[in-house]
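The entries below follow the order in which I went.

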Amino acid sequence: MTEPASPTPPSERIVSLDALRGVALLGILIINVRVFAMPEATLLNPTVYGDFSGANYWVWLLGHVFAQSKFITVFSALFGAGVLLFIDSKREKGQPAVRLQLRRTAILIAIGLLHAYLLWYGDVLVAYGFTGLFLVAVRHLEASQLAKLGVLFLCFVPVVELSTALTVGGDAIAGQWAPAEAALQQEVATYRGGYLEQFNHRVPTSLARQTASFVGATFWRVGGVMLLGMALYRWGVLTGERSQQLYRRLIGGGVLGVGIVLAGVVYIEQNDWSAGAALFWRQFNYWGSLLVAGGYVGVVTLYARRRPNGPITRGFAAVGRTAFTNYLLQTVVATSVFYGHGLGLFGSVSRVETMGFVAAVWIAQIVLSVLWLRKFRFGPVEWLWRTLTYGQRQPLRAWLAVSFQHWRRDLPDWCRTLGQSHLGAFVERCARETDPWRCPRAFSSWLKNTFSGIYYPFQLSEEHNWDRASECQPTQMSVQTSFLEELLNTDQISYGDADREERSTDWGTDDADGVMPDVVVWPESTADVAAVVTAANEHEVPVTPYAAGTSLEGNAVPVDNGITLDVSRMDTVLEIRPDDLQVDVQPGILGDDVNEAVAEADLMLPSLPASGSIATIGGMIANDASGTKTVKYGEVADWVLELEVVLPTGDVVTLGSKAAKTSAGYNLKNLIIGSEGTLGVVTRATFELTPRPEQIHGGRAMFDDIGAATAAIAEVIQSGIDVAKIELIDAFSATVSNEYLNTSHPDVPMVFVEFHADHDIVREIERCRAVFDDHDVRSFDVSEAGPEMDELWEARGKLAKAFEPYDPDLSPLTPGDITVPISRYPDIIDFAKTLSAEYDLPVATFGHAGDGNVHYFVMVDPDDPASVAAGETVSKRLVERTIELGGTSTGEHGVGTGKREYLISEHDSSTLETMQSIKQTLDPRGIFNPGKIFVDET
């Protein structure tokens with residue numbers, strides 16, 4: 001169903017992206033202030049005006065090395081990413097994405113023209129707008145194509161400049177490099193003069209920038225960076241989805257970039273700042289700035305992921321969310337200070353003094369942005385931009401202001417309920433304190449928790465139920481959790497609605513079925529976990545472990561409220577032991593981060609699912625995850641050697657052994673694996689590793705018939721052919737993929753294979769080809785690992801994202817993950833097609849075929865109760881038939897709340913009673929992830 005066009009609500013914003021935009025916007029002022037306060041020529045050649053010695057030289061040098069072209073590069077890359085982000089988000093909602101993007105770009109250009117001609121000739125909005133029109137035209141390109149095109153764009157200006165330097169020499173820019181003293185003084189007099197005098201200089205200057213300069217230089221540099229930004233968005237780099245190792249490498253590249261820029265400074269100084277050396281000098285900063293900008297992306301993203309709710313992240317994110325307003329505000333303030341219609345300080349301040357101005361503006365903009373977003377959804381210019389884009393007035397005021405009468409009405413009772421309990425805890429704590437300075441801290445914590453973010457401006461979450469403002473009610477706590485204040489630091493605890501709401505669902509739970517915890521805590525060590533769990537057990541407060549929230553069966557939904565224990569800050573690789581083929585990690589680390597860390601030793605953890613870039617190790621252990629390579633390497637459980645676990649009583653135990661095998665006692669390690677956080681919280685895991693294969697080949701086979709494809713898959717496995725991956729998508733999935741990727745492959749069943757070996761890989765490929773030929777394969781293409789193989793696998797790799805936008809009237813139900821014995825694989829696929837025809841609903845079947853796994857999407861009309869009911873019946877019958885065939889209702893997603901009813905038919909009563917007795921023994925008070933796995937558990 002198409003949603004009415006509207007802005008992305010704050011709850012769907014990416015905090016790290018907003019923080020990065022805020023840092024870039026503030027950093028830009030370091031360079032812009034030079035043009036606001038001095039003649040424009042100083043930006044090209046700092047020696048032509050003003051004192052260039054002592055502290056003023058160092059201010060210039062630090063600005064040149066760390067700011068000039070760096071922050072504007074980040075800002076430009078974010079603009080490119082923003083074009084795709086906007087179009088993708090609107091397209092997913094069935095809105096006219098391209099039309100809205102073109103309209104918002106036209107409005108941006110209009111505002112930029114006003115800014116340039118009425119306020120400041122240094123405007124970038126017009127250049128961004130016209131370049132943005134080009135970006136819309138190339139939006140369909142793959143990330144690698146966007147990156148290559150971006151590099152080509154970036155090469156244009158250096159080629160022109162170096163060609164000029166080698167042929168014409170310094171004479172080509174002599175007038176710009178060292179303008180006459182009279183010209184400099186005339187510019188100073190102009191901008192110390194009245195508004196009309198400035199206007200007469202600003203108009204031709206702006207026009208030249210928007211025409212000749214734009215075509216000859218700006219378009220290529222800005223366009224190249226924006227194209228790279230689009231590629232980085234497609235790769236998940238700018239949205240914080242990639243591994244820590246990648247961002248650390250970006251930081252390393254930034255250090256290299258600093259060295260390149262410094263080398264340029266040495267070069268120009270050795271050439272006495274001559275015009276002949278200038279065009280060569282520019283190349284150092286031109287290319288070095290790209291690396292330094294990447295370093296900033298790495299630093300900000302890692303910090304924002306580590307402290308997404310910290311005051312620094314929230315402060316920068318607030319500036320980023322109001323970047324349009326803040327950009328124009330910088331112009332208004334700077335021109336009022338330096339131009340003649342204001343204080344008239346143009347040309348009379350030193351570089352050191354301009355940095356005082358920059359610092360003051362930074363402080364003001366951070367504070368004002370945070371305070372503004374406490375009451376309003378958008379910055380004022382952002383609100384105007386959105387209102388004009390969507391053609392209707394957008395709500396501006398936040399729920400806090402809208403529902404003030406609600407608060408006035410309910411405040412007395414609410415304060416008595418919450419204030420009394422928290423205040424009592426505060427008084428008790430102060431009575432025990434021997435350090436008098438800790439009482440104010442306890443009082444601050446009480447205020448913060450009592451008023452849930454309203455008192456604490458940097459902790460105020462802007463995502464509070466914006467679209468349900470009239471229904472907002474003050475937070476009501478179902479349990480008493482004030483004891484947490486004695487166990488953790490304040491930044492490890494949140495009662496804020498945004499943090500609690502974010503953890504009220506997982507990927508497979510509808511918002512309507514979500515349950516908010518009473519509090520979210522972020523332990524940072526095993527000791528923190530043990531302390532929280534011990535106290536929770538004592539107070540009988542439910543504890544729900546949480547990491548990334550990517551589960552699909554409600555596994556991490558806190559159905560009984562209580563404490564959500566978010567282990568995402570425990571995200572470190574503790575030790576790699578290459579000689580033992582082992583690695584120790586904490587539970588909050590992403591799967592791909594582990595593989596990147598051990599790759600330096602030429603090792604890998606092969607059992608990780610395809611979602612390793614977004615799913616954590618702790619979640620994989622909790623659900624006994626598996627994935628595309630399970631057919632060769634097994635499940636996650638097969639690679640776990642030892643676990644450190646905090647039990648529901650708070651006791652810390654070590655299960656398993658670092659030896660490759662052990663038979664010493666019960667295998668309690670495997671009892672924890674797959675227990676979905678109902679028996680304990682993993683705080684450290686030791687995994688076995690394997691060397692990376694020397695040879696990787698993969699490809700795609702096409703069949704005319706789904707029966708032939710499934711029979712071929714079964715025979716490949718039964719024949720013992722050494723495949724690392726073997727995946728299926730049916731004809732309907734192929735159709736969906738073609739639509740999403742804008743490809744023209746035949747709409748037929750496809751089988752995707754990958755082979756890993758150190759030798760004789762061709763033999764296994766040919767054995768597989770022979771089986772496929774026996775089943776009338778239509779085509780079978782194989783390639784070595786690389787772009788060509790990635791292209792062959794593309795239809796499978798991006799399939800999960802393709803269903804939602806496929807038909808605006810249909811949406812997929814939560815995907816199933818049934819698994820059958822390999823001999824029954826053709827039967828279950830055939831049964832799914834029978835149900836599709838019987839209920840007249842599209843049913844897509846795909847998945848990790850080599851181990852008998854079937855993922856399926858039942859497409860229904862979410863606004864038609866009959867369609868939804870039919871879809872749920874199809875799903876139910878598929879699971880029931882799977883169990884009849886000797887399979888399982890959940891191959892890799894766990895039971896959670898979504899599959900509890902099927903456990904009764906999959907296991908006999910004695911087995912279920914044994915499971916429940918184990919739960920009762922380890923968790924007698926039932927505090928760990930209650931309501932999961934067992935139907936009759938309360």
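**Entry 1: a charged pair**

Is Asp491 buried, partly exposed or exposed? I looked it up: Asp491 is partly exposed, with a relative accessible area of 29%. I note here that the model is a predicted one.

Next I checked the partner. Asp491 forms a salt bridge with Arg307, and the closest N and O atoms are 3.6 Å apart. I then placed both residues in the chain. Arg307 lies in the loop between α13 (275-306) and α14 (311-321), and Asp491 in the loop between α20 (438-450) and β1 (493-494), so the pair ties together parts that are 184 residues apart in sequence. Arg307 has 17% relative accessibility and counts as buried, since the cut-off for buried is under 20%.

**Entry 2: other salt bridges**

How many salt bridges are there? I get a count of 34. I picked out two more to look at.

One of them joins Arg500 to Asp497, with the closest N and O atoms 2.8 Å apart. Both residues lie in helix α21 (residues 497-502), 3 residues apart, which is about one turn of the helix.

Another is between the side chains of Lys919 and Asp923, at 2.7 Å from N to O. I looked up both accessibilities. Lys919 is buried at a relative accessible area of 7%. Asp923 is buried as well, at 1%.

**Entry 3: helix α14**

Arg307 sits in the loop between α13 and α14, and I went on to α14. How many of the 11 residues of α14 are buried? The number is 8, so the helix is largely enclosed by the rest of the structure. I wrote down the buried ones: Thr313, Arg314, Gly315, Ala317, Ala318, Val319, Gly320 and Arg321.

What do they pack against? I found α1 (15-37), α13, α15 (323-338), α16 (351-375), α17 (380-390) and α21.

**Entry 4: helix α29**

I turned to α29, which covers residues 761-774. It has 14 residues and reaches 20 Å from its first C-alpha to its last, close to the 20 Å expected at 1.5 Å a residue.

Which residues of α29 are buried? They are Ile761, Glu764, Ile765, Cys768, Val771 and Phe772. Seen down the axis of α29, these buried residues fall within an arc of 120°, so they line one face of the helix. On the other side, Val762, Arg763 and Asp774 are exposed.

I checked what the buried residues meet. They pack against the strands β12 (695-703), β14 (750-757) and β15 (777-784) and the helix α27 (706-718). I also noted what comes after the helix: α29 is followed by Asp776, which has a positive phi near 60°.

**Entry 5: rings**

How many aromatic pairs does the count come to? It comes to 40. I took Tyr339 and Phe346 as one example: their pair is edge-to-face, at 6.0 Å centre to centre with 70° between the planes. Both of these residues are buried.

I then looked for a cluster. Ring pairs link Phe52, Tyr57, Trp58, Trp60, Trp177, Trp273 and Trp281 into one.

Charges over rings came next. The charged end of Arg104 sits over the ring of Phe86, 4.2 Å from its centre. Arg104 also lies over the face of Trp385, at 4.4 Å from the ring centre.

**Entry 6: Glu794**

Glu794 is in helix α30 (residues 787-797). Its relative accessible area is 16%, and it is buried. What does Glu794 contact, leaving aside its neighbours within four places in sequence? I found Glu142, Leu741 and Thr743.

**Entry 7: the whole protein**

I closed with the totals. The protein has 34 helices and 19 strands. Of its 938 residues, 56% are buried. Among contacts between residues at least 6 apart in sequence, 76% join residues at least 24 apart.

Terms used:
Residues numbered from 1 in each chain as written. Predicted model: local features only at pLDDT ≥ 70, side-chain atom pairs only at ≥ 80, totals over all residues. Heavy atoms only, no water. Helix = DSSP H or I, 4+ residues; strand = E, 2+ residues; numbered from the N terminus. Expected span 1.5 Å × (residues − 1). Buried < 20%, exposed > 50% of the residue type's maximum accessible area, 1.4 Å probe, protein only. Arc of directions from axis to C-beta. Contact = heavy atoms within 4.5 Å. Salt bridge = Lys/Arg side-chain N within 4 Å of Asp/Glu carboxyl O. Phe/Tyr/Trp six-rings, centres within 6.5 Å; stacked < 30°, edge-to-face > 60°. Lys NZ or Arg CZ within 6 Å of the ring centre and 35° of its normal.
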